[in-house]
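Open your viewer, get your selection tool ready, and let us take a walk along a protein chain together. At each stop you will hear what to select and what to look for.

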Amino acid sequence: HTCHSEQHQGNLLGGDFESGGISSDQGFDVSKITDGEFNIPFYNVCMEVENAGSSSRLILRKCDQNPKQQFVFEDDGKIKPANDLDLCLTASADYDWYGGGYKPIYIVRDLFMSACNPSLSSRHSWGLRRAN
């Protein structure tokens, strides 16, 4: 996951930013999401829950279809591990650092699994965009 999009060099040099699509090293293969797999083909890795249970971190590992790599992407934008539908993929409220050299500046946030909670709905909601 990344919170910035590929930028066009002409827009950077001109001082204007026009949001681009997802670059090939940032995006998941949408065709595999419907099968419960969040695969980043550029690196040939899949999103995996590190440990079972709440507050688990996410890691990227070689895709092997193990249960920790299986997720459900619900119609309301929640992403849940298939083996524990009480948990939701959550973006941290805190940020680690501002990305340097990009305009506009973007924020890097940790992603983790946490108990699904209506008060965190804005941090549990995900969507799809097209790749470049």
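A disulfide here is a pair of cysteine sulfur atoms within 2.5 Å. It is a covalent bond between the sulfur atoms of two cysteines. Two notes before we set off. This is a predicted model, in which local features need pLDDT of at least 70 and side-chain atom pairs count only at pLDDT 80 or more, while totals for chains, interfaces and linings use all residues. Residues are numbered from 1 along each chain as its sequence is written, and side-chain values use heavy atoms, leaving out hydrogens and water.

**Stop 1: the disulfides**

Select C88 and C116: a disulfide joins them, with 1.9 Å from S to S. C88 sits in strand β6 (residues 87-91) and C116 in the loop between β9 (111-115) and α3 (121-124), so the bond ties together parts 28 residues apart in sequence. Helices (H or I, at least four residues) and strands (E, at least two) are DSSP runs, numbered from the N terminus. The torsion about this S-S bond of C88 and C116 is about 100°, so the disulfide is right-handed.

Is C88 buried or exposed? With 0% relative accessibility, C88 counts as buried, while C116 is partly exposed at 27%. Buried means under 20% relative accessible area, exposed over 50%, and partly exposed in between (1.4 Å probe, protein chains only).

Now select C46 and C63, whose sulfur atoms are 2.0 Å apart in another disulfide. C46 is in strand β2 and C63 in the loop between β3 and β4 (71-73), 17 residues apart. C46 is buried, at 0% relative accessible area. The count comes to 2 disulfides.

**Stop 2: the salt bridges**

A salt bridge is a side-chain nitrogen of Lys or Arg within 4 Å of a carboxyl oxygen of Asp or Glu. Select R61 and E48, where the closest N and O atoms of the salt bridge are 3.0 Å apart. R61 lies in strand β3 (residues 58-62) and E48 in strand β2 (residues 45-49), so the pair ties together parts 13 residues apart in sequence. E48 counts as buried at 3% relative accessibility, and R61 as partly exposed at 45%.

Next, select K80 and E74: their closest N and O atoms are 3.4 Å apart. K80 is buried at 11%; E74 is partly exposed at 25%.

**Last stop: the whole chain**

Zoom out. How many helices and strands does the chain have? There are 3 helices and 9 strands. Buried residues make up 32% of the 132 residues.
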